[in-house]
Amino acid sequence: MIATIADTRFGYDDAGDGLPVVFLHGFPHDRTLWSAQRRALSPQVRTIVPDLRGFGDTTADGPYSLDQSADDVMALLDTLGVERVVVCGLSMGGYLAMALWRRYPRRIRGMILCSTKATADTPEARSARDDAMAEVASGGVEVFAERQLAKMVGRTTMAERPGVARALCTMMARQPAAGVIGTLGALRDRPDSRETLGSITVPTLIVAGDEDVITPLSDANAMLALLPAASAARLEIIPGAGHAVCMERPAAVTYALHEFLAPMLFERE
Ligand code: MLT
């Protein structure tokens with residue numbers, strides 16, 4: 001589906017009925033990252049899955065910042081008439097979930113933070129973003145996607161499900177260079193979200209693959225330690241999965257999400 005909001009075209013899927021859950025993809029992905037969860041959960045929840053600014057069918061030019069993307073997501077939810085939502089984000093989508101909590105806490109009913117972390121980029125990571133921007137500008141997205149793939153999936157997926165790794169690489173390679181470059185800058189400049197985590201008062205689930213080398217389990221545990229009791233936070237560790245956990249172990253992730261969402265399906269707003 002396509003929505004035009006303030007002259008920008010947003011690609012998104014909106015399926016199912018009931019509890020609204022917005023799924024936010026990572027970098028450099030598009031909304032197909034969440035296809036398995038959208039298909040499996042839509043009979044019971046309303047799954048809203050946008051392409052974030054600069055990816056997939058969302059063709060927006062800059063400015064690129066996490067706050068801008070958070071505002072984009074809220075504008076889409078407004079257009080769809082959704083008042084309160086559970087936010088489920090993977091990696092960059094998790095950074096964005098935290099930005100949404102900072103900016104729109106009253107609109108959020110629950111948080112699912114997958115393969116993500118609350119800290120900002122280190123000086124070394126910031127400089128690697130600059131190098132990556134130059135690499136994409138000169139060499140294009142395909143080479144960058146191949147390089148990302150090595151870190152993006154776990155060793156089990158690489159060895160036992162190479163087709164999943166290939167599909168992810170194809171998805172990354174088809175993203176527009178302008179979106180990839182602009183978003184690298186947004187990721188480089190994102191704020192530290194540790195204080196934000198400490199203010200979360202809605203139910204929160206952390207999901208992490210035990211083979212993730214981009215956001216290892218230590219990042220998930222650090223987030224868990226910062227979340228206040230009011231969030232009733234817990235961590236679900238998915239065995240045999242790396243960073244792209246929802247594509248690598250789709251059934252295990254869907255099961256964890258369903259278990260987390262189930263009590264909310266019967267709550268009155
Ligand atoms: C992602 O998957 O979204 C990226 O690993 C995030 C990042 O590069 O910080």
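## A friendly tour of the fold

In this predicted model, 77% of the contacts in the protein between residues at least 6 apart in sequence join residues at least 24 apart.

Visitor: What radius of gyration does the protein have, and what would a compact globule have?

Guide: A compact globule with 269 residues would have a radius of gyration near 18 Å, and the value for the protein agrees with that. Along the principal axes, the C-alpha trace spans about 55 × 45 × 35 Å. The radius of gyration of the protein is 17 Å.

Visitor: How many helices and strands does the protein have?

Guide: Both kinds of element are present, and you can follow them in the structure above. The count is 12 helices and 8 strands.

Visitor: What share of the residues counts as buried?

Guide: Let's start with the surface: the protein exposes about 10900 Å², and carbon and sulfur atoms supply 53% of it. A residue counts as buried under 20% relative accessible area. Of the 269 residues, the share that counts as buried is 55%.

Visitor: How far apart are the mean positions of the positive and negative charges?

Guide: The protein has 27 positive and 33 negative charges. The distance between their mean positions is 2 Å.

Visitor: How many disulfides are there?

Guide: A disulfide needs two cysteine sulfur atoms within 2.5 Å. For C88, the nearest cysteine sulfur is that of C114, 4.3 Å away, so C88 is in no disulfide. C169 is in no disulfide either, with the sulfur of C246 nearest at 16 Å. The count of disulfides is 0.

Visitor: Is C169 buried or exposed?

Guide: The limit for buried is under 20% relative accessible area. C169 has 4% relative accessibility, so C169 counts as buried.

Visitor: Where is C246 found?

Guide: C246 counts as buried because its relative accessibility is 1%. Leaving aside residues up to four places away in sequence, C246 touches L33, W34, Q37, L90 and V253. C246 and C114 are 132 residues apart in sequence, yet 8.4 Å apart in space, C-alpha to C-alpha. C246 is found in helix α11, residues 245-248.

Visitor: Which residues does S115 touch, not counting those up to four places away in sequence?

Guide: S115 sits in the loop between β6 (108-114) and α4 (123-139). With a relative accessible area of 1%, S115 is buried. The residues that S115 touches are L90, S91, V207, D212, T215, G242, H243 and V245.

Visitor: What is phi of S91, one of those partners of S115?

Guide: S91 is placed in the loop between β5 (85-90) and α3 (92-103). S91 is buried, as its relative accessible area is 8%. S91 is not a glycine, yet its phi is positive, near 55 degrees.

Visitor: Is A6, another residue with a positive phi, buried or exposed?

Guide: A6 lies in the loop between β1 (2-5) and β2 (8-15). Its phi is about 45 degrees, although A6 is not a glycine. The limit for exposed is over 50%. With a relative accessible area of 70%, A6 is exposed.

Visitor: Which residues does a cis peptide bond join?

Guide: Look in the loop between β3 (20-24) and α1 (35-41), where P28 is found. Omega of the cis peptide bond is about -10 degrees, and the residues joined are F27 and P28.

Technical notes: Residues numbered from 1 in each chain as written. Predicted model: local features only at pLDDT ≥ 70, side-chain atom pairs only at ≥ 80, totals over all residues. Heavy atoms only, no water. Buried < 20%, exposed > 50% of the residue type's maximum accessible area, 1.4 Å probe, protein only. Helix = DSSP H or I, 4+ residues; strand = E, 2+ residues; numbered from the N terminus. Rg over C-alpha atoms; globule rule 2.2 N^0.38 Å. Contact = heavy atoms within 4.5 Å. Areas by Shrake-Rupley, 256 points an atom, 1.4 Å probe, with all protein chains shown as cover. Lys, Arg positive; Asp, Glu negative; His and termini not counted. Charge placed at Lys NZ, Arg CZ, Asp CG, Glu CD.
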